[in-house]
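Hi everyone, thanks for coming. Today I'd like to walk you through one structure, slowly and in plain words. Please have a look at the picture before I start.

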Amino acid sequence: QVTLVESGGGLVQAGGSLRLSCAASARSFRVYVVSWFRQAPGEEREFVAAITWFGSGSNYADSVKGRFSISVDSAKNMALLEMNNLKPEDTAVYYCAADPRGAYTDSQSYTYWGQGTQVTVSS
């Protein structure tokens, strides 16, 4: 079983920054990929960013390229999402997910999810 716990969400003014954390715990299972998704009210769950557990590669949705940065500290079992220049359209619940069985940009590929953390960006 893999457990994921997100933290760091909150309310921030447009143009501000937040850092989200995903604490991962795996027992008898190796985590290979960790991703962030987000879901706004009335919308589909949207891919944000992904990284290999050992930091060998990463990818981002076009909407966040140049503003968000994903990283992993494997020694601390932590995945981080640094969000800069936040915009009101970034407002959503952000979820951490691990180990896709298919395409890493597809939310249905993931077995393990955190509870989510709310990010609200005011104008």
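**Charged pairs, rings and a disulfide**

Let's begin with E46, a residue that is partly exposed, with a relative accessible area of 31%. Before going on, please keep in mind that this is a predicted model.

So what does the side chain of E46 meet in a salt bridge? The partner is R38, and the N to O distance is 2.9 Å.

Is R38 buried or exposed? R38 counts as buried, because its relative accessibility is 7% and the cut-off for buried is under 20%. E46, at 31%, is partly exposed.

R38 also meets D90 through a salt bridge between their side chains, again with 2.9 Å from N to O. R38 sits in strand β4, which covers residues 33-39, while D90 sits in the loop between β8 (78-83) and β9, so this pair ties together parts that are 52 residues apart in sequence. Both R38 and D90 are buried.

In the whole structure, the search finds five salt bridges.

One of the others joins D62 to K65, where the closest N and O atoms are 3.2 Å apart. D62 counts as exposed, at 66% relative accessibility. K65 is partly exposed, with a relative accessible area of 47%.

Next, the aromatic rings. How many aromatic pairs does the structure hold? There are six. Let me pick one of them: F47 and Y104 form an edge-to-face pair, with 5.7 Å from centre to centre and 65° between the planes. Why do we call it edge-to-face? Because planes over 60 degrees apart count as edge-to-face, and here the angle is 65°.

This pair links distant parts of the chain. F47 belongs to strand β5 (residues 46-52), and Y104 belongs to the loop between β9 (92-100) and β10 (110-113), which puts the two 57 residues apart. F47 is buried, with a relative accessible area of 11%, whereas Y104 counts as partly exposed at 31%.

Together with F37, Y95, Y110 and W113, they form one aromatic cluster. And if you look for R45, you will find its charged end sitting over the ring of Y95, 3.8 Å from the centre of that ring. The charged end of R45 also sits over the ring of W113, this time 4.8 Å from the centre.

Let's move on to the disulfide. The search of the whole structure finds one, and it joins C22 to C96, with 2.0 Å from S to S. C22 lies in strand β3 (residues 18-26) and C96 in strand β9, so the pair ties together parts that are 74 residues apart in sequence.

Why is this disulfide left-handed? The torsion about the S-S bond of C22 and C96 is about -80°, so it is left-handed. Both ends are hidden away: C22 counts as buried at 1% relative accessibility, and C96 is buried at 0%.

Most residues other than glycine have a negative phi. N77, though, has a positive phi, near 55°, and N77 is not a glycine. You can find N77 in the loop between β7 (68-73) and β8, where it is partly exposed, with a relative accessible area of 36%.

N85 is the other one to look at, with a positive phi of about 50° although it is not a glycine. This residue lies in the loop between β8 and β9, and at 42% relative accessible area N85 is partly exposed.

My last stop is S58, in strand β6 (residues 58-60). Which residues does S58 touch, not counting residues up to four places away in sequence? They are A50, I51 and I70. S58 is partly exposed, with a relative accessible area of 43%.

Key: Residues are numbered from 1 along each chain as its sequence is written. This is a predicted model: local features need pLDDT of at least 70, side-chain atom pairs count only at pLDDT 80 or more; totals for chains, interfaces and linings use all residues. Side-chain values use heavy atoms; hydrogens and water are left out. Rings of Phe, Tyr and Trp (its six-membered ring) pair if their centres lie within 6.5 Å; planes under 30 degrees apart count as stacked, over 60 as edge-to-face and the rest as tilted. Helices (H or I, at least four residues) and strands (E, at least two) are DSSP runs, numbered from the N terminus. Buried means under 20% relative accessible area, exposed over 50%, partly exposed in between (1.4 Å probe, protein chains only). A charge sits over a ring if NZ of Lys or CZ of Arg is within 6 Å of the ring centre and within 35 degrees of the ring normal. Contact means heavy atoms within 4.5 Å. A salt bridge is a side-chain nitrogen of Lys or Arg within 4 Å of a carboxyl oxygen of Asp or Glu. A disulfide is a pair of cysteine sulfur atoms within 2.5 Å.
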